[in-house]
Amino acid sequence: MAYKFVDNYRERGARKKLVEHLKSRGISDLKVLEAIGKVPRHFFFDETFWNQAYRDIAFPIGDGQTISQPYTVAYQTELMHLKKGDKVLEIGTGSGYQTCILKELGADVYTIERQESIYKHTIKVLPGMGYAANFFFGDGSMGIPEYAPYDKIIVTAGAPFVPEALLKQLKIGGVLVIPVGDAHSQKMVTVFRVSEKDYEKIELDTFRFVPLVGDQAW
């Protein structure tokens with residue numbers, strides 16, 4: 001992956017085109033689109049593959065993981081209805097691209113990754129890009145209970161069900177966004193915590209994520 005942080009007119013122009021593409025696909029939150037337009041996605045790619053960075057596709061980053069498709073990142077982020085200062089738990093740091101989008105929107109991010117090599121890489125790269133988050137290594141399906149509750153929780157891997165541990169870490173009035181299904185496809189689910197014991201779930205569009213692995217997952 002790239003360590004040379006060079007962002008020139010070509011890359012900035014490619015991001016503008018990507019933003020317009022996402023608009024055409026139905027992404028309408030202007031703050032989310034602005035964040036997509038700011039974060040240099042090519043920094044997460046080896047220089048050999050920089051020409052792939054602003055295509056609306058997922059791309060392998062090693063250890064069976066991918067950097068998510070920009071549309072998917074924008075879609076999930078839009079569902080969170082983030083406010084500046086929101087305390088956000090991100091399950092699956094991965095490359096850190098989604099983390100950067102959350103930071104651009106003013107979130108206080110707590111992010112956890114279970115793949116050690118990816119974790120070690122990301123905790124070096126993101127600070128070098130100017131994005132400070134709270135990084136953790138471990139089982140994302142269990143969340144990070146010591147810093148709960150969270151205003152928003154986002155899961156960037158496909159789960160067989162909504163982990164109970166994550167529900168308990170969501171603040172009353174908070175939102176959890178998670179893809180739920182089988183190994184081949186998942187429905188995007190938003191969960192609203194309306195009281196201490198009550199939750200409302202809405203099932204949305206179909207996606208395909210890498211699997212969420214852990215004690216409360218696959």
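Predicted model: local features only at pLDDT ≥ 70, side-chain atom pairs only at ≥ 80, totals over all residues.

Me: Where is His-81, then?
Reply: His-81 sits in the loop between helix H3 (70-80) and E3. Its phi is positive, about 50°, although His-81 is not a glycine.

Me: Why is His-81 called exposed?
Reply: Exposed means over 50% relative accessible area, buried under 20%, and partly exposed in between (1.4 Å probe, protein chains only). His-81 has 55% relative accessibility, so it counts as exposed.

Me: And what makes Thr-122 buried?
Reply: Thr-122 is at 2% relative accessibility, so it lands in the buried class. This residue belongs to helix H5.

Me: Which residues does Thr-122 touch?
Reply: Contact means heavy atoms within 4.5 Å. Not counting residues up to four places away in sequence, Thr-122 touches Thr-93, Gly-94, Ser-95, Gly-96, Pro-127 and Phe-135.

Me: How do you know which strands pair in the sheet?
Reply: Two strands pair if DSSP finds at least two bridges between them. Strand E3 (residues 87-91) and strand E6 (residues 150-155) have four bridges, in the parallel sense, with Val-88 opposite Lys-152 in E6. The open sheet has seven strands, ordered E5-E4-E3-E6-E7-E8-E9, and its pairing is mixed.

Me: What makes E5 and E9 edge strands?
Reply: Strand E5 (134-137) and strand E9 (199-207) each pair on one side only.

Me: What joins Ala-148 and Pro-149?
Reply: A cis peptide bond, with omega about 5°. Pro-149 lies in the loop between E5 and E6.

Me: What makes a set of residues a nonpolar core?
Reply: The members are buried Ala, Val, Leu, Ile, Met, Phe, Trp, Tyr and Cys residues joined through side-chain atoms within 4.5 Å. Here the largest such core has 47 residues, and those with the most contacts inside it include Leu-22, Phe-44 and Ile-101. H3 supplies the largest share, six residues. A second, separate core has 22 residues, among them Phe-136 and Leu-176.

How values were computed. Residues numbered from 1 in each chain as written. Heavy atoms only, no water. Helix = DSSP H or I, 4+ residues; strand = E, 2+ residues; numbered from the N terminus.
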